Amino acid sequence: MYAPRVSDSESQGPVTIRHPDAIDRTAFVALRRSSLAHLQPWEPDLGDDERQFGDASFDRLLARCDTENEQKFVMLNDEGRLVGYVGLGQIYRGPFCSCYMGYWVGAAYVRRGYGIAGVRACLDRAFTRPRP
């Protein structure tokens with residue numbers, strides 16, 4: 001189980017989002033691998049399942065989870081289980097105020113409201129919370 005860090009988390013309904021931490025590696029990689037058939041049709045083909053669904057995918061997530069131009073989060077359900085991911089990329093601040101959003105929910109957790117709750121929490125955090 002994972003306890004979200006209160007200062008780094010945002011809750012919306014059944015989901016809490018927070019930046020990933022090294023402790024999330026095992027759960028994140030296991031969820032990606034167990035959801036490979038479910039996620040593969042929606043993701044770009046990197047040509048290597050290990051790179052896309054293994055430890056390398058988590059390494060990329062950690063490396064760019066909290067930058068000026070990218071904000072990446074893991075989604076945890078109310079039991080503290082990692083159920084998916086939501087992130088913002090190519091963030092532009094100022095008058096344009098724009099970004100791209102991506103998210104996924106593990107195959108075992110679809111159709112339970114986690115995706116929409118994670119997206120809402122991410123948008124709340126992006127557009128209502130001042131950046132430290």
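**View 1. Overall layout of the protein chain.** The chain holds five helices and five strands (DSSP runs numbered from the N terminus: helices are H or I with at least four residues, strands E with at least two). From the N terminus, the order is β-β-α-α-α-α-β-β-β-α. Of its 132 residues, 40% are buried (under 20% relative accessible area, 1.4 Å probe, protein chains only).

**View 2. Strand β4, residues 82-92.** Nine of its eleven residues are buried, so the rest of the structure largely encloses this strand.

View 3. Strand β3 spans residues 71-77 and pairs antiparallel with β4 over six bridges (pairing requires at least two DSSP bridges between two strands). Val74 has Tyr85 of β4 as its bridge partner. Four residues separate the strands. In the turn, Gly80 has a positive phi of about 85°.

View 4. Strand β5 covers residues 98-105. Seven bridges join β5 to β4, and the two run antiparallel. Tyr85 stands opposite Trp104 of β5. Five residues lie between the strands, and Gly94 takes a positive phi near 95°.

**Notes on all views.** Residues are numbered from 1 along each chain as its sequence is written, and side-chain values use heavy atoms, leaving out hydrogens and water. In this predicted model, local features need pLDDT of at least 70 and side-chain atom pairs count only at pLDDT 80 or more, while totals for chains, interfaces and linings use all residues.

Terms used: Buried means under 20% relative accessible area, exposed over 50%, partly exposed in between (1.4 Å probe, protein chains only).
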